[in-house]
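Open your viewer and keep the sequence panel beside it. We will go stop by stop, selecting a few residues each time.

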Amino acid sequence: MHTDTERCVRAVQAKDARFDGWFFTAVLTTRIYCRPSCPVVPPKVENMTFYPSAAACQQAGFRACKRCRPDTSPGSPEWNARADTVARAMRLIRDGVVDREGVPGLAARLGYSTRQIERQLLAELGAGPLALARAQRAQTARLLIETTALPMAEVAFAAGFASIRTFNDTVREVFALAPGELRTRAIRSRTAPPQTPGVISLRLPYRAPLNPSNLFGHLAATGVPGVEEWLDGAYRRTLNLPYGHGIVALAPRPDHIACRLALTDPRDLTIAISRCRWMLDLDADPVAVDDQLRTDELLAPLVDKAPGRRVPRTVDAAEFAVRAVLGQQVSTAAARTHASRLVRAHGEAIEDAEGGLTHLFPSSEALATLDPQTLALPGTRRTTFMSLVGALADGSLQLGIDSDWDKARAQLTAIPGFGLWTVEVIAMRALGDPDAFLPGDLGMRRAAAELGLPSTPAALTNRAAAWRPWRAYAVQYLWATDDHPINRLPS
């Protein structure tokens, strides 16, 4: 979008928050870059230039605006709506892969050379993987500086910097303030969140509107006891992270999601935030989605009644795939029971000082070694379960935010016992395909009958062609017609 100067100028002059994250405005006279909704008086048109990423702005010598804090804007919805190499690379960079594995690790995951990855990212985003990762490190550092009492040396290494000098130089260059000055400003600010030892409190931004009912309702209603819970108006769950584990509490607010993270290692902050944003689908563009779905006269009333529905996802794709198999042809309550038994028997125990979380969800490696006779499942489903966890454990099946959706579908379909429903629900909620569709789902058939939509899977799929590429969001609106706990916030 940043190449459409006229459209970008209109968005800036209107201070349109819907475009935050789509592009960034750099001001040639002040050398500052802003989000489109920056509250200051818009600069003259001839002084504006536009970039596709914060990293590109920083690489061109611009610093972040202190008023609108463009580094905290929602991510571009493009990266979650596409499955090409650039989109997958951006999801991995956002997940902290470059900090942990370097650019060679990023390229290896995508199956390309480092030179090819750098060329593609530079062509589309104006910055290479190192610059994009640097911009993210700067944002992570700012969060740690402002929301924790960690010493600056610990902040530097937790954010992924190789040295304290690089940390200091980057923070000064990006924010035009020294790290100590950032912390002092945060302490003096009335909006600075209260600090609790060992807990990082932050706000996760999103594009309005956001309807929390099905989003948090689904996560709470299907939550696995010991791993997930709804407590004091917040969805809480355990996180299995590269350097340790964590516990997150997420609560909906009118203009943000309140997030409280307790991490055993602060180096996991970047990936923890990324996974939480992914799970809640916070980088979506609800206006574009809803406008497309409103073109169907039968869907339009549902969209108008409760706009801004998101697709509830997961923090761990492999975990969700296992739970999808446990949920085949059984009720939500039965699926939770099966998963809870696995967690108690094979999950790693943890301590939770603020609630009732007790375990991490067991890894695929742990599940691959269990005796299938101990599973309270029909024989065919035991075979499906063991085939899945075996493929996940030996690496022949890799599911994650960087998955190629078509390839993953083909691999899942080849597993005995995997039908269309299981494959598509994993594509929707674990892999994040916005066009995943469940025409044979019981809830979908009920909604179709109630609204007068075609009731057979083939006919409904034909009708849903007009909803593409947002059929996964149409599923959320159709599911919401049923009086089921997944569609309402717990009391």
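**Stop 1: a helix across a sheet**

Select residues 212–221. This is helix α11, which lies across β6, β7, β8 and β9 (257–263). Helix α11 runs at about 140 degrees to β8. Axes here are lines fitted to C-alpha atoms, for helices over the stretch in contact, and angles run from 0 to 180 degrees between N-to-C directions. Contact means heavy atoms within 4.5 Å. Helices (H or I, at least four residues) and strands (E, at least two) are DSSP runs, numbered from the N terminus.

How many of the ten residues of α11 are buried? Eight are, leaving the helix mostly covered. Buried means under 20% relative accessible area, exposed over 50%, and partly exposed in between (1.4 Å probe, protein chains only). Colour the buried ones: Ser213, Asn214, Leu215, Phe216, Gly217, His218, Leu219 and Ala221.

**Before you go on**

This is a predicted model: local features need pLDDT of at least 70, side-chain atom pairs count only at pLDDT 80 or more, and totals for chains, interfaces and linings use all residues. Residues are numbered from 1 along each chain as its sequence is written, and side-chain values use heavy atoms, with hydrogens and water left out.

Now colour by pLDDT, the predictor's confidence in each residue, from 0 to 100. The chain's mean is 93, and 98% of its residues reach 70 or more. Among the elements of the chain, β7 has the highest mean (98), while helix α3 (residues 78–81) has the lowest (84).

**Stop 2: the sheet itself**

Show the five strands in the order β5-β9-β8-β7-β6. They form an open sheet with antiparallel pairing. Two strands pair if DSSP finds at least two bridges between them. At the edges are β5 (199–204) and β6 (228–231), each pairing on one side only. From one strand to the next, the twist averages 25 degrees.

Zoom in on β7 (residues 234–241) and β8 (residues 244–252). Seven antiparallel bridges pair β7 with β8. The two strands form a hairpin, with two residues between them. Select Arg236: Ala249 in β8 stands opposite. Next select Thr238, which faces Ile247 in β8.

Stay on Ile247 and look toward β9. Which residue is the bridge partner of Ile247 there? It is Ala262. Strands β8 and β9 also pair in the antiparallel sense over seven bridges, and four residues lie between them in a hairpin. Strand β8 is mostly covered, with seven of its nine residues buried.

**Stop 3: two nonpolar cores**

A nonpolar core is a set of buried Ala, Val, Leu, Ile, Met, Phe, Trp, Tyr and Cys residues joined through side-chain atoms within 4.5 Å. The largest one has 63 residues. Select Leu293, Val322, Phe385, Leu388, Leu399, Ile426 and Trp467, which touch the most other members. Helix α15 (residues 317–326) gives this core its largest share, eight residues.

Centre on Phe385. Not counting residues up to four places away in sequence, Phe385 touches Val322, Val325, Leu326, Leu342, Leu367, Leu370 and Leu375. Then find the second, separate core of 51 residues, which includes Tyr33, Ile145, Leu182 and Leu204.

**Stop 4: a buried glutamine**

Select Gln58, in helix α2 (residues 54–59). Gln58 is buried, because its relative accessible area is 5%. Leaving aside neighbours within four places in sequence, Gln58 is in contact with Tyr33, Arg134, Ala135, Glu173 and Val174.

**Stop 5: cysteines**

How many disulfides does a search of the whole structure find? The total is zero. A disulfide is a pair of cysteine sulfur atoms within 2.5 Å. Cys34 has its nearest cysteine sulfur, that of Cys65, 3.9 Å away. Cys68 has its closest in Cys38, at 3.7 Å, which is too far for a bond. Cys34 is buried at 9% relative accessible area, and Cys68 is buried at 8%.

**Stop 6: out to the surface**

Select Ala449 in helix α21 (residues 442–451). Is Ala449 buried or exposed? Ala449 counts as exposed because its relative accessibility is 57%.

Finish at Thr374, in the loop between α17 (364–368) and α18 (379–394). Thr374 counts as exposed, at 54%. Its C-alpha atom is 33 Å from that of Phe437, 63 residues apart along the chain.
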